[in-house]
Amino acid sequence: MTEPIDSQHGRCHCGAVSFAASGPPDWVAHCHCQSCRRTTASPVTTFAGYKDAAVTWDGAAPQIFNSSAGVERGFCGQCGTPLFYRTERRPNDIDLYLSTFDDPATFQPQFHVFAVEQVAWLNMGDDLPRHAGGSADAD
């Protein structure tokens, strides 16, 4: 389980968009899906899942890209940094990209999702649970 966290702050690369997330995340997971890989131009990304009400935004508003039916991804309109993922399947939740937090080391990943889509040469070297698709905790 993730340790208690009072509030965590994060921002995009240029600082135009910033956020605060109150309390501990509901979950922290590595995602291997092709959509996340393409969005971040990386072989894996890690999210911290929060309730929408726990996240406040400051500065410029994130821009929205509808990456697939029922899915929107938020990013900085100035520097392009990906900031969040949101799906209609979990209407009150927001998944923040862990690397946008000021102190991502504070968070402890708990599991992997879409492990069947993991890039073959990527060796994460952990013993976290792996879900073939999304898990009940993350979807």
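**Close-up views of a predicted model**

**View A. An open sheet of three strands, in the order β1-β2-β5, is paired in the antiparallel sense.** The structure shown is a predicted model. β1 (7-11) and β5 (55-59) form the edges of this sheet, each pairing on one side only. On average, neighbouring strands here are turned by 20 degrees against each other, direction ignored.

**View B. The antiparallel pairing of β1 with β2 runs over five bridges.** Within this part of the model, R11 has S18 of β2 as its bridge partner.

**View C. The largest nonpolar core comprises 18 residues.** A48, Y50, V55, L96, F101 and F107 have the most contacts inside this core. Two or more residues each are supplied by β2 (17-22), β4 (45-51), β8 (82-87) and β9 (93-97). Of the contributing elements, β2 gives the most, with three residues.

**View D. The surroundings of L96 are shown, neighbours within four places in sequence being left aside.** L96 is in contact with F19, A21, T46, F47, A48, Y50, V55, W57, L83, F84 and F101.

**View E. H112 is a residue of strand β10, which spans residues 111-113.** H112 counts as buried because its relative accessibility is 0%, and the cut-off for buried is under 20%. Apart from residues up to four places away in sequence, H112 touches H30, H32, M124, D126, L128, P129, R130 and H131.

Conventions: Residues are numbered from 1 along each chain as its sequence is written. This is a predicted model: local features need pLDDT of at least 70, side-chain atom pairs count only at pLDDT 80 or more; totals for chains, interfaces and linings use all residues. Side-chain values use heavy atoms; hydrogens and water are left out. Helices (H or I, at least four residues) and strands (E, at least two) are DSSP runs, numbered from the N terminus. Buried means under 20% relative accessible area, exposed over 50%, partly exposed in between (1.4 Å probe, protein chains only). Contact means heavy atoms within 4.5 Å. A nonpolar core is a set of buried Ala, Val, Leu, Ile, Met, Phe, Trp, Tyr and Cys residues joined through side-chain atoms within 4.5 Å. Two strands pair if DSSP finds at least two bridges between them. Axes are lines fitted to C-alpha atoms, for helices over the stretch in contact, and angles run from 0 to 180 degrees between N-to-C directions.
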